[in-house]
Amino acid sequence: MIRTAIVAALHNELASVLALMPDEHKKAVAGRDFWVGHLHGHGVVAVLSGIGKVAAATTATLLIERFGVQRIVFTGVAGGLGDGVRVGDVVVAEALLQHDMDASPIFPRHEVPGYGRSRFGTDHSLTEQVACAVTDVLKDAGGFLSRETRAAFDLQTPHLHRGLVLSGDRFVSTATECAALQCELPDALAVEMEGAAFAQVCHDFGVPMAVVRTISDRADDAAHVDFPRFLREVASQYSAAILDRLFRAY
Ligand code: SAH
């Protein structure tokens, strides 16, 4: 049986994943709790990645080397960068890039030394499956969110976007920083703090991976406002619904 890792970035998201697992048991390694069990009959290991690229890389390596996972699905939230990428939309990564990697002028800006590249692609078929699950969930997005929640975050009809996601060890929360990233990497859809580290480790081990992120903010001066409430009321519901569809479908 294929063993899949489900990685959440924050507590609320993990809690909603664990609620879908009937038989999970905990194994603690390196200060992390790995929850081993099943989701709709498929073998899974669920874990919090920890915030930032180093925590993410350690978690990815442990999942592959200690827990023998054969594929990884990362679910979390991110700041929207792309035109029309709004709060409540969902982004599925086709590629990931570390926006704070800069060994210039020895290497081109953003290139990871030793790899000859700045962008790491996600797995095509796993990404397609995740995108299908998201499309299904978004059709019914109003359905599982309360009217108050939708009003509080001014959630319109949510959309799925697919493309480039940026990661770096920084919560991007000023209009200035956000504009600089948009100018430097105009095709970037969203910014977060872990995905590209997972992509690099998965590249090293040849493990297929996918990243799905609900947009929690626009990475601008208002990025920190209501962030915890968004996680609790919106993002964790999305993660659970997307994973439920994904594991039901395959
Ligand atoms: N205060 C938060 C932590 C914020 S870190 C807490 O309650 O713990 C933000 C997390 O969300 C990271 O895991 C990152 O991947 C993602 N994220 C959301 N919006 C982001 C933004 N604008 N910039 C960078 N990361 C963002």
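## Salt bridges and ligand site

The structure holds 13 salt bridges (a side-chain nitrogen of Lys or Arg within 4 Å of a carboxyl oxygen of Asp or Glu). This is a predicted model, in which local features need pLDDT of at least 70 and side-chain atom pairs count only at pLDDT 80 or more, while totals for chains, interfaces and linings use all residues. Residues are numbered from 1 along each chain as its sequence is written, and side-chain values use heavy atoms, with hydrogens and water left out.

One of the salt bridges joins Lys53 and Asp100, whose closest N and O atoms are 2.8 Å apart. The pair links distant parts of the chain, 47 residues apart: Lys53 is in helix 2 (residues 53-65), and Asp100 is in the loop between strand 6 (90-98) and strand 7 (119-121). Helices (H or I, at least four residues) and strands (E, at least two) are DSSP runs, numbered from the N terminus.

Around the ligand there are 18 residues, each with a heavy atom within 4 Å of it. Val172, Met193, Glu194, Arg213 and Asp217 come nearest. The shell divides into 11 nonpolar, 2 polar and 5 charged residues (Ala, Val, Leu, Ile, Met, Phe, Trp, Tyr, Cys and Pro count as nonpolar, Asp, Glu, Lys and Arg as charged, and the others, Gly among them, as polar).

| Residue | Protein atom | Ligand atom | Distance |
|---|---|---|---|
| Val172 | polar backbone atom | nitrogen | 2.9 Å |
| Glu194 | side-chain N or O atom | oxygen | 2.7 Å |
| Arg213 | polar side-chain atom | oxygen | 3.2 Å |

Strand 5 (71-80), strand 9 (188-192) and strand 10 (209-217) are the elements that give two or more residues to this shell.

Conventions: Polar contact = N/O pair within 3.5 Å; in protein donor to acceptor, adjacent residues only side chain to side chain.
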